[in-house]
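The following paragraphs walk through one protein chain, starting with its overall layout and ending with a few individual residues. Please keep the sequence and the coordinates at hand while reading.

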Amino acid sequence: MKTNKIKFGISYINTGSPLHALNGITKFILFMAWVSMVLMTFDVRIIIAMILVGFALLRLSRVPFANYKTLMTGTVTVLLLNALFMFLIAPQQGEEYMGTQTVLLTLPGNYSLTQETLFYLVTVTLKYFSMFPVALVFVFTTHPTEFSASLNKLGVPYRIAYAVSLTLRYLPEVTKDFINIMHAQQARGVDISKNAPVFTRIKNVAKILGPLIFSSLDRAEVISNAMTLRGFGQHKRRSWYSLKPMAKADFAVLFTIAVILALGFANRYHAEQLFWYPF
């Protein structure tokens with residue numbers, strides 16, 4: 001039987017890029033500022049610029065395209081399906097925002113495709129997609145322990161910060177366990193390929209998820225016992241081995257972020273309408 005191959009590369013990869021040299025606090029603030037810009041703007045010109053800058057940063061990280069190719073394909077597919085469902089639920093949403101109606105394709109009922117609705121769906125889809133590259137940049141260039149140290153430096157309790165670190169660190173391990181269990185079950189004749197009926201595949205996937213859940217719980221118990229034996233949580237504060245000091249490059253990036261974010265707020269405040277519509 002042919003086994004399915006799953007490749008998981010969404011984790012920290014040290015390529016020695018300039019982005020890796022930045023402080024974890026800087027990269028976290030960059031990510032949060034990026035999300036804030038995405039949420040506040042509906043100007044497709046700004047959104048496209050953010051996508052281009054995001055992929056430029058992703059290229060600067062020197063992470064091979066093969067590491068996130070599958071995820072990007074899945075993300076695009078989900079966003080296209082989301083756009084389809086948005087059209088099915090509210091086919092006249094674009095007309096309400098733009099205030100005009102230009103029919104491109106006449107369909108039964110209220111589902112005629114208009115230029116305004118198409119522009120609205122494209123803008124919203126690109127808006128969601130613009131967060132994809134910077135999220136990958138953050139994950140690929142920030143070590144989990146460095147990220148947790150940065151969170152603690154920003155005021156997050158170190159117990160919560162360390163829990164975030166453990167989650168990010170062991171996601172790849174859980175994926176490896178899933179692949180090993182899947183291959184073991186396939187060797188026993190459990191078929192989850194496209195040749196099996198849908199309901200059979202769902203039932204067979206449950207045979208993989210069961211052992212995966214129990215193995216994950218066992219790992220969590222081992223980690224919990226190890227932390228308890230070492231007295232984790234007994235003190236109000238703790239030190240971090242991986243915490244980097246802020247450098248000149250970090251302050252320069254933070255200053256640039258503050259300026260761009262201020263311009264974004266000003267543009268949103270002075271905008272006459274929510275969506276930029278050139279037609």
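In what order do the elements of the chain run from the N terminus on? In this predicted model, the order is α-α-α-α-α-β-β-α-α-α-α-α-α, which amounts to 11 helices and 2 strands. Taken along the principal axes, the box that the C-alpha atoms of the chain fill is roughly 65 × 60 × 35 Å.

The chain is divided into two domains, of which domain 1 is made up of residues 18–143 together with 244–278, while domain 2 takes in residues 145–241. Between the C-alpha centres of domain 1 and domain 2 there is a distance of 30 Å.

On the side of domain 1, 10 residues are in contact with 7 residues of domain 2. The size of an interface is often given as the accessible area lost when the parts come together. For domain 1 and domain 2 this buried area is about 760 Å², and 68% of it is on carbon and sulfur atoms. Within domain 1, the residues that lose the most area to domain 2 are Ile25, Phe28 and His143, which together account for 65% of what that side buries. Helix H2, spanning residues 24–40, gives the most to the side of domain 1 that touches domain 2, contributing 4 residues. By residue class, that side of domain 1 divides into 4 nonpolar, 4 polar and 2 charged residues.

Turning to aromatic side chains, the structure holds 7 aromatic pairs. One of them joins Phe31 and Phe138, whose ring centres are 5.6 Å apart and whose planes are at 20°; because planes under 30 degrees apart count as stacked, this pair is stacked. Since Phe31 lies in helix H2 and Phe138 in helix H7 (residues 131–141), the pair ties together parts that are 107 residues apart in sequence.

Where in the chain does Arg62 lie? Arg62 is found in the loop between helix H3 (44–60) and helix H4 (69–89), and its phi is near 65°, a positive value in a residue other than glycine.

How values were computed. Residues are numbered from 1 along each chain as its sequence is written. This is a predicted model: local features need pLDDT of at least 70, side-chain atom pairs count only at pLDDT 80 or more; totals for chains, interfaces and linings use all residues. Side-chain values use heavy atoms; hydrogens and water are left out. Domain bounds come from an automatic or database domain assignment. Contact means heavy atoms within 4.5 Å. Buried area is the accessible area (1.4 Å probe) that two parts lose on being put together, summed over both. Ala, Val, Leu, Ile, Met, Phe, Trp, Tyr, Cys and Pro count as nonpolar, Asp, Glu, Lys and Arg as charged, and the others, Gly among them, as polar. Rings of Phe, Tyr and Trp (its six-membered ring) pair if their centres lie within 6.5 Å; planes under 30 degrees apart count as stacked, over 60 as edge-to-face and the rest as tilted.
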